[in-house]
Every structure is written in C-alpha cells, then in structure tokens.
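Here is a set of questions and answers on charged side chains. Look at the model first, then read on.

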Amino acid sequence: MRLGPRPAALGLLLLLLLLCAPAAGAGDAQGEHRTDYDREALLGGQEEVDEYVKLTPEEQQKRLKSIIKKIDLDSDGFLTESELSSWIQMSFKHYAMQEAKQQFVEYDKNSDGRVSWDEYNIQMYDRVIDFDENTALDDAEEESFRQLHLKDKKRFEKANQDSDPGLNLEEFIAFEHPEEVDYMTEFVIEEALEEHDKNGDGFVSLEEFLGDYRRDPAANEDPEWILVEKDRFLNDYDKDTDGRLDPQELLSWVVPNNQGIAQEEALHLIDEMDLNNDRKLSEAEILENQDLFLTSEATDYGRQLHDEYFYHDEL
C-alpha cells in the first residue's frame, strides 16, 4: 500500500511519476547505483540510446567538457555539491517545461495558440466529458474519476489568468506544473487541504496524513510501511514538531522534492568520483570516470549531450 498525496489531476500525477522515477531507478534497495539500468531505461528510449552510441568518443568528451564548464558557476575549475545540485534542478525544470510545450502543440487541436477545456478532454479521453458537480455517481470507480475530472477542471480554470477562453502556453504550463508557478501555490495548498484535512482545522495531523490506515487489532505493532510513513511525517515534513502539518509544511509533502533528489545525486557523484577527497570534482576526475557521470542526473543520463541547450557555448 502506498501512502502520500493523491494528486488531484492526471497531469500532476504524471509529473510526479516522471520526476520520482529517476530517483528510484538510480539505485536498488541497498542504494547501489545501477548504471546498467540507467542508460537503457533513462536515456530517453531506444532512439536516444542509438544516438548516444553514434557520437564519437571525441565528440562525447567535447560536449561533456562544455557541460562541465557550465555547471562550474564560479569558474574555479571545480564542481561543488551546490553547483551540481543547482544544475540538476535546472535540468529537471527544463525538461518538464519542454515536455509541457510539446504537449501544448498536441492539445491545441485547432492551432489557435490556446488549449480549450474541450481540446484537453479530447486529447486525454478522445471525447468531451462533462460531469454534474452536484450529482455523485453510484459506481465507486466512476465517482472517483468524476472527482478527479472535476479537480482537473478546477485547476484548469485557476491556471487561466487572462479570462480569455482556453489556456495560452504560459497558462498551460501552470496547469500541467502548478508547483513551478508562484500564482498556483495557494491553489496547490488549498487542494491538498481539501483532500487531507478531514476536520477542517487548516492542518494535516498524523492520522490524516496516514489516511484510512487502521492497525490490525491482532497485531502487536504497526507494519513496516507505516513506521516509514510516520518517520517521514515526523522528520521530513513536520519542521516545527507540533504534530501537524501547516500549509507550508504540507507543500513540501505534496510537491515533488526535486531539491532533495538533486542533492542526493550530487553527493553520490562526489562520493564516487572525488579521487583526492577534497569534496569537489575537477574536470580530470570527471573524465577519469565519465561513464558514471553520463549515467547520472547531472547529464540526465547522457541526454544533455544531445541537447544544444546544455552543451552549446551560450546557455
């Protein structure tokens, strides 16, 4: 059983899966870095793998050196944990935005520069769906979908700032990635409270965080997954240790923690590649073990070597 926020929209769910998958794939249950899995599964598909192989070693190294230079923000010749983490977070956001732009073109059926609610439905479900907000459905699965669809529509309307019909590109990005847009933050929090704050006090308690879990009366202790979730609540989210999550603490739960993923990967790279134990990476250290660097989030598993945005002289 999986605990955690149940995203109110399919787009946000897909985003969570997209951003969380690399972190899970980067290691096995013991935390080992599975480079054999990384390249095939996370480079971006067989086409990208084939393109990667086509690059000559000289061209690979040339592009890699260009990327290293861009990561080195203070131009001192070394990559620190902070610089690596910042670069990885920027990469996450860049590709999320690129994906949203590609989706925008697919959703904009009449090519008028805006995505209407009907166009969104047609792209997602092959038909226009319209549920009555005040009429629940008897079938549990259909009712669950109705609730999800209505939340999608609410987020779609919130993303529309100019009140013109449909969403322009910037508004569509806000709809697909509300966690990346400041004016959507309040909506994200309100939506999470609506789903999890059962007593309406404006906070999420540990019991509300755990959802419908009830201990088996015959069990002497909670199962392992509950202990893990309790630990997350107490040590990761409840920063002021008052036993409940306020709106800002709640935000750290419902929004993908790209910063944490990036910091973890930066530390992993330094641990594995820092040959002289100075806690930073030189170009020579990276080139000495470039296969590891090219199968990490620092280069989006080699994908950046095929994206001029990253290896071109002007970023």
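Q: Where does D72 lie?
A: Helices (H or I, at least four residues) and strands (E, at least two) are DSSP runs, numbered from the N terminus. In this predicted model, local features need pLDDT of at least 70, side-chain atom pairs count only at pLDDT 80 or more, and totals for chains, interfaces and linings use all residues. Residues are numbered from 1 along each chain as its sequence is written, and side-chain values use heavy atoms, with hydrogens and water left out. D72 sits in the loop between α4 (57-71) and β1 (78-79).

Q: Which side chain of opposite charge is nearest to D72, and how far away is it?
A: Lys and Arg count as positive, Asp and Glu as negative; His and the chain ends are not counted. D72 is buried (under 20% relative accessible area; exposed is over 50%, partly exposed in between; 1.4 Å probe, protein chains only).

Q: Which residues does D72 touch, not counting residues up to four places away in sequence?
A: Contact means heavy atoms within 4.5 Å. With that sequence limit, D72 touches G77, F78, L79 and E83.

Q: Is K93 buried or partly exposed?
A: The relative accessibility of K93 is 39%. K93 therefore counts as partly exposed.

Q: What is the relative accessible area of E171, which forms a salt bridge with R114?
A: The closest N and O atoms of E171 and R114 are 3.3 Å apart. E171 lies in helix α8 and R114 in the loop between α5 and α6 (117-125), so the pair ties together parts 57 residues apart in sequence. R114 counts as buried because its relative accessibility is 16%. E171 is buried too, with a relative accessible area of 4%.

Q: Which residue meets D242 in a salt bridge?
A: D242 is partly exposed, at 36% relative accessibility. The N to O distance in the pair is 3.4 Å. The partner is R244.

Definitions and conventions
Salt bridge = Lys/Arg side-chain N within 4 Å of Asp/Glu carboxyl O.
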